[in-house]
Amino acid sequence: MTILDRIIAQKRIEVAQRREATPITALEQMPHFMRHCLSARDAVQSFRSTGIIAEFKRQSPSKGIINDRADVAETTQGYVRSGAAVLSILTDEPFFGGTPADLQAARIANPETPILRKDFIIDRYQLLEAKAWGADVVLLIAACLTPEEVAELSMQAHDLSLQVLLEVHDEEELERSITPNIDLVGVNNRNLKTFTTSIDTSLRLVERIPDTFAKISESGLHDAETMRTLFRAGFDGFLIGEAFMKTDDPAQALAKLVSEFNLNNTLSI
Ligand SMILES: O=P(O)(O)OC[C@@H](O)[C@@H](O)c1c[nH]c2ccccc12
């Protein structure tokens with residue numbers, strides 16, 4: 001059994017419990033439910049964007065505790081001030097230490113920045129939660145969904161005006177999962193079996209992603225040189241968590257990366 005299998009088994013139990021505790025009608029009455037969603041895709045693709053999707057991540061199965069001190073409102077506001085195009089907020093508690101309250105706090109603190117609900121989505125109920133908590137975009141992980149489920153969930157997400165980031169690890173997942181109701185395609189550089197990261201995965205897959213989607217490279221990124229390589233290969237965006245969260249000042253770490261990336265880009269033109 002892989003870690004992903006364990007997470008999904010746990011997630012099925014969690015979704016059943018949540019559905020009992022909070023019926024759909026209650027989600028629909030929450031203040032953010034009727035909110036107009038922001039476009040994560042435009043935010044990463046716009047001309048002046050840094051392309052950075054900055055993640056609030058307390059812990060992970062591969063790294064254990066990364067940061068158990070950071071305050072979500074303060075950290076995410078710092079990320080935005082430092083140039084994050086989009087925020088990614090983990091809401092999985094058992095494995096990543098995130099909570100629904102984190103997402104709601106990030107929403108209130110950053111009314112003008114698109115927010116990704118980072119979780120393991122297997123059921124329409126979780127899309128309704130994402131909407132109710134104030135998310136603009138949801139993650140669908142190809143490795144744990146059939147092509148039919150990806151198609152169905154992405155259509156349901158669009159019905160709620162949520163955008164969709166489809167995450168793939170290899171050619172096979174990419175080819176079987178692509179459907180029109182996807183906005184961004186993310187290539188995860190982390191091998192979920194070994195936990196090692198390699199940007200070769202991104203560089204290999206980028207040419208196979210149709211240009212109709214924004215292209216995001218995910219995981220294991222921490223330096224401007226690598227971002228520049230990925231940018232030149234065709235990526236619009238970079239999903240980065242640990243490199244920021246492991247420092248005492250995540251926003252400052254982001255600002256430093258942005259200035260190095262810009263400097264390198266200017267010099268190379
Ligand atoms: O912390 P990193 O190595 O910068 O990675 C961020 C992000 O890509 C990673 O957290 C992630 C990618 N896909 C996921 C799916 C679920 C949970 C987490 C993830």
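Biologist: Which strands does helix H4 lie across, and at about what angle does H4 run to E1?

Modeller: Start with the terms. Helices (H or I, at least four residues) and strands (E, at least two) are DSSP runs, numbered from the N terminus. Axes are lines fitted to C-alpha atoms, for helices over the stretch in contact, and angles run from 0 to 180 degrees between N-to-C directions. Contact means C-beta atoms, placed from the backbone, within 7 Å. Here, helix H4 (residues 72–82) lies across strand E1 (52–56) and strand E4 (86–90). H4 runs at about 165 degrees to E1.

Modeller: A caution on the source. This is a predicted model: local features need pLDDT of at least 70, side-chain atom pairs count only at pLDDT 80 or more, and totals for chains, interfaces and linings use all residues. Residues are numbered from 1 along each chain as its sequence is written.

Biologist: Which strands form the closed barrel?

Modeller: Two strands pair if DSSP finds at least two bridges between them. The closed barrel has eight strands, in the order E1-E4-E5-E6-E7-E8-E9-E10, and the pairing is parallel. From one strand to the next, the twist averages 25 degrees.

Biologist: How many bridges join E8 to E9?

Modeller: Five, between residues 184–188 and residues 214–218. In one of them, Leu184 partners Ala214 of E9.

Biologist: What surrounds the ligand?

Modeller: A residue is near a molecule if its C-beta atom, placed from the backbone, lies within 6 Å of it. The ligand has 15 residues around it, and Glu218, Ser219, Leu239, Gly241 and Glu242 are the closest. Strand E10 (237–240) and helix H11 (242–245) each give two or more residues to this shell.

Definitions and conventions:
Two residues are in contact if their C-beta atoms, placed from the backbone, lie within 7 Å.
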